[in-house]
Amino acid sequence: MSRVVDLRSDTITLPTEAMREAMASAVVGDDGYGEDPTVAALEARFAALTGKEAALFVPSGVMGNQIALRVLCAPGDVVLCGAHQHVVGFEMGAAARNAGVQFWTVEDDAGVFDLEEVAGALASEADHQVAVRAIAVENTHMYAGGVPWPSFELAELAALAAGRPIHLDGARLFNAVVATGESAAALCAPATTVMASLSKGLCAPVGSLLAGPHDLIERARVERKRLGGAMRQAGFLAAAGLVALDTMVERLAEDHRRARRLAEAFAEALPEADYDPATCRTNIVSFDHPEARRLVADLAGAGVLGGTVGPRRARFVTHHGVDDGDLERAVAAVARLRG
Ligand SMILES: *Cc1c(COP(=O)(O)O)cnc(C)c1O
């Protein structure tokens with residue numbers, strides 16, 4: 001039997017040889033004393049890439065998001081965001097427990113927001129409702145199928161926000177960079193803070209980064225410690241992160257090309273899903289299907305692993321560990337679903 005094609009997530013990617021070599025020879029120190037030169041280099045690199053003043057290396061994307069909420073908001077504050085964002089549904093209620101914030105969710109089925117709905121929410125203060133303190137967005141938008149936000153969409157939202165800070169959950173920011181052809185700095189310009197993951201499509205083993213203004217990142221450093229996320233000789237991990245940023249961004253285009261091919265196969269095999277493969281612009285194939293769980297189970301039986309992100313929503317993610325041969329086996333298994 002041929003090997004399993006694992007499309008559960010891009011988090012399963014393994015570090016490259018170059019990463020392993022960089023990790024083995026990394027120069028490290030105690031980052032608690034600010035003495036790890038490799039961590040400092042990674043933070044400076046990410047700040048420069050995103051056009052922000054400073055950055056902080058954190059153990060995970062969830063922690064990056066949580067720290068951002070803690071520095072942008074006080075407990076009881078309201079954060080406006082999309083109903084299907086990671087920070088709402090996929091962080092175990094951390095925003096309530098860790099940051100003490102409440103969400104005001106807007107519809108985000110297509111990945112981006114309806115600005116009229118946002119304007120209504122922001123104006124609610126006039127109706128004796130709680131004021132929206134900050135806004136959180138996701139680029140690419142995972143649940144919607146890896147939908148990239150072009151910078152103009154975020155700029156329009158920022159104009160509406162009228163000075164309220166925006167946190168950009170850019171776990172897959174570099175997928176958005178590749179899909180839109182815009183620079184990370186351009187995509188992040190309207191945002192106050194941005195988080196990006198090194199451990200998804202970029203293949204580093206561990207870590208995310210949070211960037212923003214100096215004063216917020218200094219406060220973020222304190223919050224990271226409060227959450228137990230301060231690390232010591234973390235340069236071993238940062239070394240892999242530097243290789244990720246240097247060498248793994250452009251190849252994401254291959255993941256996007258393969259995802260589109262898979263999206264077309266699903267659209268053809270499952271007309272009842274009414275899935276438009278043109279909405280697949282990065283590395284996530286995600287669509288509603290009345291029997292999503294059965295579908296995922298059937299494909300697993302055929303050696304193609306995916307998952308569900310909602311009771312009737314299937315998701316398949318392409319990544320560095322999936323080559324053209326794997327993808328064609330997945331496409332063949334999808335085609336057999338129809339028969
Ligand atoms: C994966 C993901 C995160 C969290 O990253 P972890 O490193 O798994 O904690 C946050 N936001 C989005 C959109 C993600 O896909």
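This is a predicted model: local features need pLDDT of at least 70, side-chain atom pairs count only at pLDDT 80 or more; totals for chains, interfaces and linings use all residues.
Two strands are taken to pair if DSSP finds at least two bridges between them.

**Strand β8**

Strand β7 (residues 193–197) is joined to β8 by 4 bridges, and the two run antiparallel. One of the paired positions is valine 194, whose bridge partner in β8 is alanine 211. Strand β2 (residues 54–58) also runs antiparallel to β8, with 5 bridges between them; here alanine 54 has glycine 212 as its partner.

| Strand joined to β8 | Bridges | Orientation |
|---|---|---|
| β2 (residues 54–58) | 5 bridges | antiparallel |
| β7 (residues 193–197) | 4 bridges | antiparallel |

In a regular strand, side chains alternate between the two faces of the sheet. In β8, Ser208, Leu210 and Gly212 are buried on one side, and Leu209 and Ala211 are buried on the other. Because 5 of the 5 residues of β8 (residues 208–212) are buried, the strand is largely enclosed by the rest of the structure.

**Domain interface**

The domain assignment gives domain 1 (5–12 + 251–338) and domain 2 (17–247). Their C-alpha centres lie 26 Å apart. Contact between them involves 18 residues of domain 1 and 19 residues of domain 2. The area buried between the domains is about 1600 Å², with 56% given by carbon and sulfur atoms.

Between the two domains there is 1 salt bridge, and 5 residue pairs are in polar contact. On the side of domain 1 that touches domain 2, the elements giving two or more residues are α12 (252–269), β9 (284–288), β11 (307–310) and β12 (313–317). The largest share of that side, 3 residues, comes from α12.

Terms used
Residues are numbered from 1 along each chain as its sequence is written. Side-chain values use heavy atoms; hydrogens and water are left out. Buried means under 20% relative accessible area, exposed over 50%, partly exposed in between (1.4 Å probe, protein chains only). Domain bounds come from an automatic or database domain assignment. Contact means heavy atoms within 4.5 Å. Buried area is the accessible area (1.4 Å probe) that two parts lose on being put together, summed over both. A salt bridge is a side-chain nitrogen of Lys or Arg within 4 Å of a carboxyl oxygen of Asp or Glu. A polar contact is a pair of N or O atoms within 3.5 Å; within protein, one must be able to donate a hydrogen and the other to accept it, and residues adjacent in sequence count only if both atoms are side-chain atoms.
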